[in-house]
Amino acid sequence: MGVAVRVEGLTKSFGAQPVWADVTLTLPAGEISVLLGPSGTGKSVFLKALVGLLKPDRGSIWINDEDLTEVPERRLYELRKLFGVLFQDGALFGSMNIYDNVAFPLREHTKLAEKQIRATVTEKLEMVGLLGAEKKLPGQISGGMRKRAGLARALVLDPQIILFDEPDSGLDPVRTAYLNQLIVDLNQQTDATFLIVTHDINTARTVPDNIGLIYHGHLAMFGPREMLLSSTEPVVRQFLNAQRIGPIGMAEEKDAAERQAESAAGVELPPLPAIQRQLRPSDGRPRRAERAPGEWCRTHGVPYPAGSFREEVPV
Ligand SMILES: Nc1ncnc2c1ncn2[C@@H]1O[C@H](COP(=O)(O)OP(=O)(O)O)[C@@H](O)[C@H]1O
Ligand SMILES: [Mg+2]
């Protein structure tokens with residue numbers, strides 16, 4: 001079972017350049033959360049801060065009763081083993097074949113014999129659908145397969161928390177759909193706590209239990225998927241529905257004049273689109289964190305858009 005990660009007042013800048021400030025959120029144990037945001041808003045920096053690769057200026061990262069920002073270096077090294085990270089480009093060693101890439105963390109961090117290493121590597125390669133590709137070099141396989149290999153490597157130490165940095169970037173829609181299904185299936189199988197950084201709205205709308213949005217140096221909102229998908233808060237609404245009208249412009253924030261012109265022209269926000277059903281594991285068994293469609297909206301008395309949560313008929 002995964003562990004919760006509680007982030008409190010986290011703030012990071014590089015010199016005089018602030019990245020984000022006062023980020024407070026909890027990644028609930030065993031649930032899938034997505035962190036969305038325009039490019040350059042510090043999503044990758046956030047993941048690196050979580051695993052202790054970058055030191056925040058202020059704030060805490062609690063796992064159980066330990067603050068990762070305060071623990072001694074040696075303890076941090078231990079705590080890092082709780083995390084599996086899929087970096088944006090897979091971050092594979094180009095001169096090592098897939099087998100050795102996936103085996104690498106086991107050789108680094110454990111004293112397992114080669115026979116046990118083989119069993120674990122084979123198990124993880126099977127989980128990501130890469131059995132048979134062991135001898136290939138990263139340069140000899142497709143981008144989608146490299147991401148799967150990176151994922152197998154991230155899984156090899158049985159992490160409690162798995163971080164994905166734009167797993168869908170650079171993939172075509174079909175590959176993205178397969179990868180998203182794989183992520184949901186892995187969550188069902190491992191019960192680990194997942195955080196997926198993406199700017200793919202379709203991924204954000206259908207995969208997670210929770211959604212967060214970083215915008216303009218702050219966490220604009222974080223909460224259950226249905227809360228954000230039914231939100232009328234302008235930034236959240238605009239971003240999650242990929243709309244041109246709203247506070248976000250080509251430059252990160254539109255200037256006041258542009259917004260005033262929009263409202264003077266009586267430009268209305270289009271209605272919220274229907275909330276789709278959440279992606280379910282391919283074997284039909286529910287994930288532990290799964291909630292009934294529409295449950296959050298009903299319990300909170302929030303109306304949801306017409307046509308939401310309809311059972312989709314397979315074609
Ligand atoms: N190691 C670093 N040193 C200085 N600036 C950095 C470093 N890493 C990231 N940045 C800056 O922090 C900002 C956020 O970067 P990043 O987290 O990569 O954005 P995102 O992943 O949301 O696209 C960018 O302006 C980037 O240039
Ligand atoms: Mg990034």
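Two strands pair if DSSP finds at least two bridges between them. In this predicted model, that criterion applies to strand β9 (residues 210-215), which pairs with strand β3 (residues 32-36) over four bridges and with strand β10 (residues 218-224) over six bridges.

**Strand β9 and its partners**
- The pairing of β3 with β9 is parallel, and within it L36 has L213 of β9 as its bridge partner.
- The pairing of β9 with β10 is antiparallel, and N210 has P224 of β10 as its bridge partner.
- β9 and β10 form a hairpin with two residues between them, and H216 in the turn has a positive phi of about 55°.
- Six of the six residues of β9 are buried.
- In a regular strand, side chains alternate between the two faces of the sheet.
- In β9, N210, G212 and I214 point one way, while I211, L213 and Y215 point the other way.

**Helix α5**
- Helix α5 (residues 143-155) has 13 residues and should span 18 Å at 1.5 Å a residue, which agrees with the 18 Å between its end C-alpha atoms.
- Ten of the 13 residues of α5 are buried, among them R146, K147, R148 and R153.
- The cover over these buried residues includes β6 (83-86), α3 (98-109), α4 (114-127), β7 (161-165) and α6 (173-190).

**Ligand 1**
- The residues surrounding ligand 1 are F14, V19, G37, S39, G40, T41, G42, K43, S44 and V45.
- By class, this shell holds three nonpolar, six polar and one charged residue.
- Helix α1 (residues 43-50) gives the most to the shell, with three residues.

Note on methods
Residues numbered from 1 in each chain as written. Chains lettered and ligands numbered in written order. Predicted model: local features only at pLDDT ≥ 70, side-chain atom pairs only at ≥ 80, totals over all residues. Near = placed C-beta within 6 Å. Nonpolar A, V, L, I, M, F, W, Y, C, P; charged D, E, K, R; others polar. Expected span 1.5 Å × (residues − 1). Buried ≥ 20, exposed ≤ 12 C-beta atoms within 10 Å, placed from the backbone. Contact = placed C-beta atoms within 7 Å.
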